[in-house]
Amino acid sequence: MSTTATAAAAELAVQARQAAAKSEGYWAGVWKRLRRDPMTIACGTILLLMLLAIVLAPLLAPHDPYQGSMIRRLKPIGTPNYPLGTDELGRDILTRLLFGGRLSWFMGIVPVVLAFLVGSTLGITAGFMGGRVNMAIMRITDIFYAFPSVLLAVAISGALGAGIFNAILALTLVFIPQIIRVAESVTQGVRSLDFVDAARASGASGFTIVRVHVLGNVLGPIFVYATSLISVCMILASGLSFLGLGTKPPEPEWGLMLNTLRTAIYVQPWVAVLPGVCIFVTSIGFNLLADGLRQAMDIKG
Amino acid sequence: MLLYLLRRVFYAIPIALAVGFVCFMLVQIAPGDPINAIVPPDAPADVVAQVRKDYGLDQPLMVQFGLWLSKVAVGDLGRSLATGRPVWADLHSAIGNTLMLAFCASLLGFVLGCVLGGLAGTFRGSALDRGAVGIAVAGVSVPHYWLGMVMVVIFSVQLNWLPAMGAGPGGSSDWAWDWEHVRHLILPTVTLSVIPMGIVTRTVRGIVAEIMNQEFVVALRGKGLTRWGVFLHVVKNAASNALAVMGLQLGYLMGGSILVETVFSWPGTGLLLNSAIFQRDLPVLQGTILVLSLFFVALNLAVDLVQTTLDPRIKRA
């Protein structure tokens, strides 16, 4: 694992320099490869449209997300005025899906961003410093690796109690060790390259070497890895809400909607599974986007 | 090599202790006084003070951890707040059910993943390959609790073929190997198996493609060995890695089955955890997480030991 990542990092660094030597920059090349990849472009477009839809939810939604009515409970898909039906409290499903995406996306992305910031800082530090610092950081990481990730998320947010903040905290803690491991192995690969030795010999301080020579070469692979985690995070975040641990009712959120609609699967089965379709599409979109980015940026592993 | 094996076993001990410490801290980070995890909220003040002293809750944190650890070491995980029964009594039967579900699901996922991944790796770049990769991506991206609901909608609500809930007729949780019980196992198993299926497919595809490119395979072909003969050599080389992935997946599913168990009301550790969370039954939460994580640590160790023993190419420092 670490040897392939090391080799990948070394190769990436070499390619980055070769690309820089040519007239065309590295990022121009990445963009060029990305444009020729219809799958990734399609995923990116779908995700962008979803993002636009949930940002503009107040303008697009035909009804109020909280306003229910006992006389129009559990209407089927295709009811006039309620194109995707209504839920168990008579609220419009389309409206709640649009508003629900806000929290689902928020809880799928924020933990990964936080974990990316903390994890890459710790991982790059461990990889660059080596020795005891590395030992301390990596052994603590090992402890968190000893838990299956779903169990760790459930354990932490279960102990802290339901709530968006607690769920985000739990998910961030789950993803930090995973990012640390990737960041550490990529950094170790770059650290042993000649240009780092050259910089050190020329008298550059450790901080300068990291800022000028290491960061540019390691952030790409870590970023791509983090992108692939968004898919997992979204499933886990909605899963916590599904268990009653994340968002609290009546807040619209896809996982929580699945949970409350579960009692309705004998009445309106196809309405009840709709929020899951949204989670699935988003999660598969981020997964394929990460795969496409990895290929375009030529990162192996 | 014996030295490596021994060192690996010894390395698992501090990890297991650290896992214990994290589980111990779960009750500490929970909002409210940990004493609430032992006495009912309406207990009189002098009883609370007495219990606090008896349980050593007035001691420093590390002393408390030592006390807790010495109890756990002899199998005393405390008592459930909701039922008053020992945590281990409830956990005991739940673990068996979860283990069976996780084992069947990882086995099914492993078999499907090997077939798909093997085909994809052998015929790389073909339509077959793209199809298998597509299924694998869908498998790891699908919210499996939702897939479970869809399964229930199709096979229980619409077709009425299979039961939607429980592990046996009439809500019994005692397992028996007859059709009435196996019927209940099918939907949760299939639902849970999509995750290992996706991961195993990706892994096996990578391994097979890598082996097919190696010189010894080219040499075997040149020697005039049939496709089948070459395939056997590839399997021999891929087996230890694939088995390691399968072993770890069993562990992940043991810990990750909570969502699927909730959907199907499967009477395992996940359902136990779920009700513990709702009732804020911290001793049950703590005990279940501890046992599942220790199982995962042991499984990790076993996978490592077996893999090292089976595959002489793996030399570890």
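Biologist: What percentage of the 301 residues in chain A is made up of buried residues?

Modeller: The model is a predicted one, in which local features need pLDDT of at least 70 and side-chain atom pairs count only at pLDDT 80 or more, whereas totals for chains, interfaces and linings use all residues. Numbering of residues starts from 1 along each chain as its sequence is written, while chains are lettered from A and ligands numbered from 1 in the order in which they are written. A residue is taken as buried if 20 or more other C-beta atoms, placed from the backbone, lie within 10 Å of its own, as exposed if 12 or fewer do, and as partly exposed in between. On that criterion, the buried share of the 301 residues in chain A is 47%.

Biologist: How many helices does chain A have?

Modeller: Helices (H or I, at least four residues) and strands (E, at least two) are DSSP runs numbered from the N terminus. Chain A has zero strands, and its C-alpha atoms fill a box of roughly 80 × 45 × 30 Å along the principal axes. The count of helices in chain A is 13.

Biologist: What share of the contacts in chain A with a separation of 6 or more comes from residues 24 or more positions apart?

Modeller: Two residues are in contact if their C-beta atoms, placed from the backbone, lie within 7 Å. Among the contacts in chain A with a separation of 6 or more, residues 24 or more positions apart account for 73%.

Biologist: How far apart are the end C-alpha atoms of residues 266-290 of chain A?

Modeller: Residues 266-290 are one of the stretches of chain A that the unreviewed UniProt entry lists as "transmembrane region", and residues 41-61 are another. Over residues 41-61 of chain A the chain is 90% helix, with end C-alpha atoms 27 Å apart. Over residues 266-290 of chain A the chain is 84% helix, and the distance between the end C-alpha atoms is 37 Å.

Biologist: At what angle do the axes of α7(A) and α8(A) cross?

Modeller: Two packed helices are described by the angle between their axes and the distance between the axes. Axes here are lines fitted to C-alpha atoms, for helices over the stretch in contact, with angles running from 0 to 180 degrees between N-to-C directions. The contact of α7(A) with α8(A) has 10 nonpolar, three polar and no charged residues, where Ala, Val, Leu, Ile, Met, Phe, Trp, Tyr, Cys and Pro count as nonpolar, Asp, Glu, Lys and Arg as charged, and the others, Gly among them, as polar. The axes of α7(A) and α8(A), the latter spanning residues 164-191, come within 9 Å and cross at roughly 145°.

Biologist: Why is Gly276(A) classed as buried rather than exposed?

Modeller: Gly276(A) is found in helix α13 of chain A, and its C-alpha atom is separated by 8.8 Å from that of Met257(A), 19 residues apart along the chain. Beyond its neighbours within four places in sequence, Gly276(A) is in contact with Leu258(A) and, in chain B, with Pro143(B), Trp146(B) and Met149(B). Gly276(A) is buried because the number of other C-beta atoms within 10 Å is 25.

Biologist: How many residues of chain B are in contact with chain A?

Modeller: Helices of chain A that each supply at least two residues of the side touching chain B include α10 (206-242) and α13 (274-296). That side of chain A has 24 nonpolar, nine polar and two charged residues. In the contact between the chains, 35 residues of chain A meet residues of chain B numbering 39.

Biologist: Which helix gives the most to the side of domain 1 of chain B that touches domain 2 of chain B?

Modeller: Chain B is divided into domain 1 (1-74) and domain 2 (87-315), with bounds that come from an automatic or database domain assignment. Their C-alpha centres lie 32 Å apart, and 16 residues of domain 1 of chain B are in contact with 13 residues of domain 2 of chain B. The most, 12 residues, is given to the domain 1 side by helix α1 (residues 2-29) of chain B.

Conventions: UniProt positions are given in the numbering used here, feature names are shortened, and annotations may be inferred rather than shown by experiment.
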